[in-house]
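Hi,

Here is the structure I promised to pass on. Have a look at it first, and then read my notes below.

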Amino acid sequence: MNQQLAFAANNKANRRARRRTALVRLRDYFPQTAYWNPSIVTDAKGGATVKFVMPDTTTGWRLVARGITAHHLVGEATASIVTAQPFSVDLATPAALTEGDKASVRASVRNFTQRDANTALAFSATIAGTTRSSKLTRKVGAGKVHQEFLDVEARPGPEAAVRLDAKAGDQADAIARKVPIRPWGIPVRVGASGRASDSVTLSLVLPPGKPYATRSLAIAISASLPRHLIDAALRAPAAGGCTEQTIASGLVALCGVEMLDRLGAQPTAERARLAAVVDEAIRTLALTQRDGGWTWTFESRQARLDPFVTAYALEFLRGAERKGFAVPKKLSEPARQQARKLFAAATTHAEKAALLYGMSFWGDADFSYVHRLDRLHPQLDNQSLAYLVLTFLNLDRKERAAELAKTLVGRSSLVPLPARPGRRGRVWTTDQKSELWRSYPIEATALAVEAVQRTTPRAAELAQAIEWLLDHRRGDGWGSPRATASAVRALATYVGTTKAEPQKYTLAIALNGKTLRTLAADGMRATVRIDAPAAQLKDSNRLDLRLKGRGTFAYSATLEGVTDGVPAVKDTPPIERRYEASPLLFEGVEVRRGYSVIRGTHPTIKNPVEELPEGKTCDVQLRFHTSERQRYVVIEDYLPAGTSIVESTIRGGFDRFELGDGRATFYFSNAQGSKWLHVSYRLTGRFRGQYRALPARAYSFYNPYELAVGSAGGLGVLPKDGTPKRAYVMTPDELYHLGTKHYEKKAYAEAEPLLTKLFRSYKLQDAPFKETVKMLLYIALARKDAKAVVDYFEVLKERYPELVIPFDKIIAVGRAYRERGEHERAVMVFRAIAEGFYFQEGNVAGVLEEAGDFIAATEFLERLLADYPDLPVVQTGLYTLAQQIYAKLPKLETDERLRKRTTREELLKATRGLLTRFLALYPDNPVADEVSFTLASSYLEDESYAQAIALCTALQARYPKSPLLDSFEYIGGYGYFVTDRPAQALDLCRKVATGKYPTRDG
């Protein structure tokens, strides 16, 4: 708390001083961590005071203190503090720019005073010594934040230094930031390295046919090769997220420690630095071990343990242990056990050779297995053969190792050294039939050098191989971390126990005839590094190292050129990058894309993105066509500067990825056998402007110099309310699902155009077609669009006649027909409505009858018939119901349940009532004569002959042309006969027998 109060008081004093002197302190210090001290020692009372300068960021900070006592008691305390000032400015910029970018820097003015501020703003951007500035005045209200967008064009140069000054009365503030600028071109690197005891002339030539915008030359001179190797170890790249990188960095550091010890150097800061790298590699391996072994990367999503990496780890751990580093048994023992399992499962000679080599350091290499592999040595590639030689040496089988080393030497070849005309080096290549990642010669040559050096140290071929290895150093290494580790170890083995002897010479370094610097041997305790002036460099350069006196020196020269622009790729690039629109969102959920709702096939709809508004996203798709022999691949993609990657959206078959420096890097260990490698991720627009993106590139992890390069790209970032020029085209699935979601929310204005386009543009599958047309019908009803209502209704009824539409909506459909003057159609619609509902409700009676309750079913149908208008189906239903009741009469004798509910008389009464009702209501119905006949038959059923005679007499007059006329007369005759009136009976029966009557066909 005292610290916070003192801090606040100091700020207040600073503000008063600034007002008095009218000076503005430029804020340009913005670290993420304000202060870190791992070794604060308290006084006897447990107190300690630390002082540090707070960063210039106006923000809140969290302070954390953790302590431990001499008795291993631990504790922690936290506090918070805010760095702020009442009037301040800020600049939000992209993390980096690319040449040609046109960015808008977001400038903010925060006025947290109690009065409005008329603020004078001055903005400047300085690139390569050229400054462009602008001034403006803005009124910023009290307690308000005002934003301006200031343009910056990324011209050629290493960085853009942007600055914003603001002054309002006695308030003032200034802020500056530096934004790196990436060249718009492809870097190309050539170089040479070696050792010499005489003058050397190097020819450093960039590949012809390409214009270069920038060139740089880095020269390193060491007084001896051991010193050169020690500095190489000190400058080796830090371990990344790849297991092999960690092991390689540990091996290089271990070699550096051994070299220092060989030279008899006392413990120094250099040795401590290298020892810390070794310790860190051991700790990392302990944390990332899986089932005793290791995968290629720490976060590998591949289940398979890598036999090469596990063998590599065994080699490093044994070397570290022998050098006195602490290697826990719980780390080494499981690794040794897993190596045995991996060997048992190994399927290739290369895997077996690597595992036996790693196991041999621990005495675990079974000689019978080594001997078996030895019998197959003609089939081994050079790298595996070198492993076999070294394995025999580790097993103390020097004679056989020497014999195989001779075979290994016989496989080498002499090749010219490009930078040293007339000189040749010896190299061991690998059979191209082997895995491509193992075919790069640096590691194979380094292993061969070590094998030959340890078996026949005086072999004449060694010096040539050393020349080749040294010549292929580029910058601080030999390409990949593993190749660097192999080369450093091989060279360290070659140097042996040689100590640096006093040397007396001067070395003049001249570039294209002009002396850069002259060095004295007795003044070179460490490697001297020289950066050549860019003005002296050409595409083709001559570098002279002129020695005067006697001695040996080691050198390295790396020339790098960046092409002027990015060459266009004429054919389909081997690595493709596409910017595509992100899926649409509805209430934060992605809308499904695709073509599942349509029939047949359809050309793929693509939505390439050239610009997107701030805060909006687009998707990036990367695709690389790899060789079937390739295994370990790295893909790097450069991001447009005004965007940021959404880490949670990164997808692909990679093992791990890294983000930083304006690019994303993806590591693949399972590329072998894959035709295409895929990566996808999402970008968010952050800073408005127009931004370029360098081509994505892919390369082998073991040879970064062999590249596959794609095409350049770029994106424009618009203001938040900006509209991209290219409109988004929805897929059929998006039209359907998004339209449905809007419809469900009753957002008909949004749903209708989507569903209409879907309906008119595509042939839909049956289910989505029905739902789409139904939704369009209901939307048209809500909008009271009579034409649309009629159109969609007729489509539905034609294709789905069984579809039931709610009563209220079908009534509205009828009104739509009426509004369009189609009255007859309206009547048909209403009739169809009633019929549909009649059939739907009539199903209830069927359910009741199936349940065995015929009486309840009959009563329900009678009520239903009474409720509906005189539709044909209702008339038919009335007659059908009467027939069903009449048909139950014979079943009374066998159906006990029916007998309990009704009687014969009740069934006849019900039948006659329904038939009489039918005849009264529908006398002109085509089946009225059939109904009459059934009614007459019912009178015969209960011997009501008088009623039967009377009815049939009336029916003969009512239906003289009915095909049932003879039936009416017969029933009448029968009635007369039964009631003892033979004369009338005989007359009617004679008429029936001899008369002519109409038939159904007339």
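Strand β14 (residues 212-222) pairs with strand β21 (residues 553-563) in the antiparallel sense, over ten bridges. Strands here, like helices, are DSSP runs numbered from the N terminus (E, at least two residues, for strands; H or I, at least four residues, for helices), and two strands pair if DSSP finds at least two bridges between them. Within that pair, Ala-218 has Thr-558 in β21 as its bridge partner.

Before I go on, a word on what you are looking at. This is a predicted model, so local features need pLDDT of at least 70 and side-chain atom pairs count only at pLDDT 80 or more, while totals for chains, interfaces and linings use all residues. Residues are numbered from 1 along each chain as its sequence is written, and side-chain values use heavy atoms, with hydrogens and water left out.

pLDDT is the predictor's confidence in each residue, from 0 to 100. The chain averages 85 on that scale, and 88% of the residues score at least 70. Residues 1-22 are the stretch to be careful with: pLDDT stays under 50 there, and the model has 17 contacts for them beyond four places in sequence. A contact means heavy atoms within 4.5 Å. Where pLDDT is low, the predicted coordinates should not be read in detail.

**The chain as a whole**

The chain has 27 helices and 35 strands. Of its 1002 residues, 48% count as buried; buried means under 20% relative accessible area, exposed means over 50%, and partly exposed is in between (1.4 Å probe, protein chains only). Among contacts between residues at least 6 apart in sequence, 71% join residues at least 24 apart.

**The sheets**

Back to β14 and β21: they belong to an open sheet of four strands in the order β12-β21-β14-β19, with antiparallel pairing. At its edges are β12 (187-196) and β19 (528-531), each of which pairs on one side only. Neighbouring strands in this sheet are turned by 10° against each other on average, direction ignored. For such angles, axes are lines fitted to C-alpha atoms (for helices, over the stretch in contact), and angles run from 0 to 180 degrees between N-to-C directions.

Another open sheet has four strands in the order β22-β26-β31-β28, and its pairing is antiparallel too. Why is one side of β22 and β28 left without a neighbour in the sheet? β22 (575-581) and β28 (643-652) stand at the edges with a single partner strand each, so one side of each has no neighbour there. In this sheet, neighbouring strands are turned by 25° against each other on average, again ignoring direction. β28 pairs with β31 (residues 676-685) over six bridges, in the antiparallel sense, and Ile-645 stands opposite Leu-683 in β31.

Helix α7 (residues 349-360) has twelve residues and reaches 16 Å from its first C-alpha to its last, close to the 16 Å expected at 1.5 Å a residue. The expected span is 1.5 Å times one less than the number of residues. Ten of the twelve residues in α7 are buried, among them Glu-351, Leu-355, Tyr-357 and Met-359. What covers the buried residues of α7 includes α5 (307-322), α6 (329-345), α8 (367-375), α9 (382-394) and α13 (481-495).

Helix α24 (residues 928-941) has 14 residues and spans 20 Å from first C-alpha to last, close to the 20 Å expected. Ten of its 14 residues are buried, including Asp-929, Val-931, Leu-935 and Tyr-939. Thr-934 also sits in α24 and counts as buried at 10% relative accessibility; Thr-934 touches Tyr-879, Tyr-886 and Leu-915, not counting residues up to four places away in sequence. After α24 comes Glu-943, whose phi is positive, near 60°.

Is Leu-229 buried or exposed? Leu-229, found in helix α2 (residues 225-234), counts as buried at 2% relative accessibility. Leaving out residues up to four places away in sequence, Leu-229 touches Met-259, Val-488, Leu-491, Ala-492 and Val-495. Leu-229 and Thr-527 are 298 residues apart in sequence but 9.7 Å apart in space, C-alpha to C-alpha.

Gly-169 lies in the loop between β10 (159-168) and β11 (171-182) and is exposed, with a relative accessible area of 58%. Gly-169 and Asn-118 are 51 residues apart in sequence and 7.8 Å apart in space, C-alpha to C-alpha.

Cheers
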